[in-house]
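Hi,

Here is the structure I said I would pass on.

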Amino acid sequence: MRVDIVTLFPEMCEIVLKTSIVGRAEAKGLIETHCHQIRDYTKNRQKQTDDCPYGGGQGKVLFAQPIYDCLRHIQAETEPVKPHVVFLTPGGKTYDEAAARRLAEYPCLTLVCGHYEGIDERVIEETADEEISIGDYVLTGGELAALVVADSVLRLQPGVLKSPECYEDESYWDGLLEYPQYVHPAVWEGREVPEVLRSGNHGKIAEWKKEQQIARTKERRPDLYERWLKNHPEEDMK
């Protein structure tokens, strides 16, 4: 899979993408990432990328032209495959694990980072396949949001993690939060690891894990629990 990030701060994105699990996966040739500087595609001498918005208001808005030309450059590099283009905006659909799994199916994904008061709406209308928001809050720029999407998608690619179980057992995969985790020592500060986890009875351990997932989700994320319950009505009878 190839992921491109269109940004005013490529160095901010590169340092994350070249680090840890994702960085090691790219070094092995399992994935491919590229960060593109929007300023490189401007047509004015000053490399200006923004100006005051029509209609007045605070801040600046990014020009359509350099972003459009950058996206055309990326598409030329990925031909004959057309990248799936996502703009990271507060007005986008809220991101979740289901969206990550869906985006992970695209061979080429391009993420466009907004800044200041946003991006000229015309380039979004012209080029976006979708808009995504990572939550109901505002950041100073779209770079962190793009990195969240990139990391959550790239970790699902074959070979990036040791096995599919590494992500299938985690929170949200089956609609529930993950069960609590423990490691040695068996007793720490007077707190003991649950006896069932030390029993060696794999059936009982699996049962305990599922019970913990359900209880934790019901307590901490009742919205997720209700959604999960609709797909598992038998659990409501217990």
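Let's start with a pair of helices: α1 and α6 run roughly parallel to each other, because the angle between them falls under 35 degrees. That angle is about 30 degrees, and the two axes sit 10 Å apart. For finding them, α1 covers residues 10-17 and α6 covers residues 143-154. The crossing of α1 past α6 is right-handed. On the α1 side, the contact uses Met 12, Cys 13, Val 16 and Leu 17, while α6 brings Glu 143, Leu 144, Leu 147 and Ala 150. By type, that makes seven nonpolar residues, one charged and no polar ones. Bear in mind that this is a predicted model.

Staying with α6, this helix has twelve residues and spans 16 Å from its first C-alpha to its last, close to the 16 Å expected at 1.5 Å a residue. Nine of the twelve are buried, so α6 is largely enclosed by the rest of the structure. Among the buried ones are Glu 143, Leu 147 and Ala 150, which also turned up in the contact with α1. Ala 145, Ala 146, Val 149, Ser 152, Val 153 and Leu 154 are buried too.

Leaving aside residues up to four places away in sequence, Thr 217 touches Gly 175, Leu 176, Leu 177, Pro 222, Leu 224 and Tyr 225.

Two cis peptide bonds are on my list:

- Glu 79 to Pro 80 is cis, with omega at about 10 degrees. Pro 80 is in the loop between α3 (64-78) and β5 (84-94).
- His 184 to Pro 185 is cis as well, with omega near 5 degrees. Pro 185 is in the loop between α7 (165-168) and β8 (187-188).

- Ser 20 has a phi of about 60 degrees and belongs to helix α2 (residues 20-27). With 43% relative accessibility, Ser 20 counts as partly exposed.
- Glu 189 has a phi of about 50 degrees and sits in the loop between β8 and β9 (191-192). At 66% relative accessibility, Glu 189 is over the 50% cut-off and so counts as exposed.

Cheers

Key: Residues are numbered from 1 along each chain as its sequence is written. This is a predicted model: local features need pLDDT of at least 70, side-chain atom pairs count only at pLDDT 80 or more; totals for chains, interfaces and linings use all residues. Side-chain values use heavy atoms; hydrogens and water are left out. Axes are lines fitted to C-alpha atoms, for helices over the stretch in contact, and angles run from 0 to 180 degrees between N-to-C directions. Helices (H or I, at least four residues) and strands (E, at least two) are DSSP runs, numbered from the N terminus. Angles under 35 degrees count as roughly parallel, over 145 as roughly antiparallel, 65 to 115 as roughly perpendicular and the rest as oblique. A crossing is left-handed if the near helix is turned anticlockwise from the far one by less than a right angle, and right-handed if clockwise. Contact means heavy atoms within 4.5 Å. Ala, Val, Leu, Ile, Met, Phe, Trp, Tyr, Cys and Pro count as nonpolar, Asp, Glu, Lys and Arg as charged, and the others, Gly among them, as polar. The expected span of a helix is 1.5 Å times one less than its number of residues. Buried means under 20% relative accessible area, exposed over 50%, partly exposed in between (1.4 Å probe, protein chains only).
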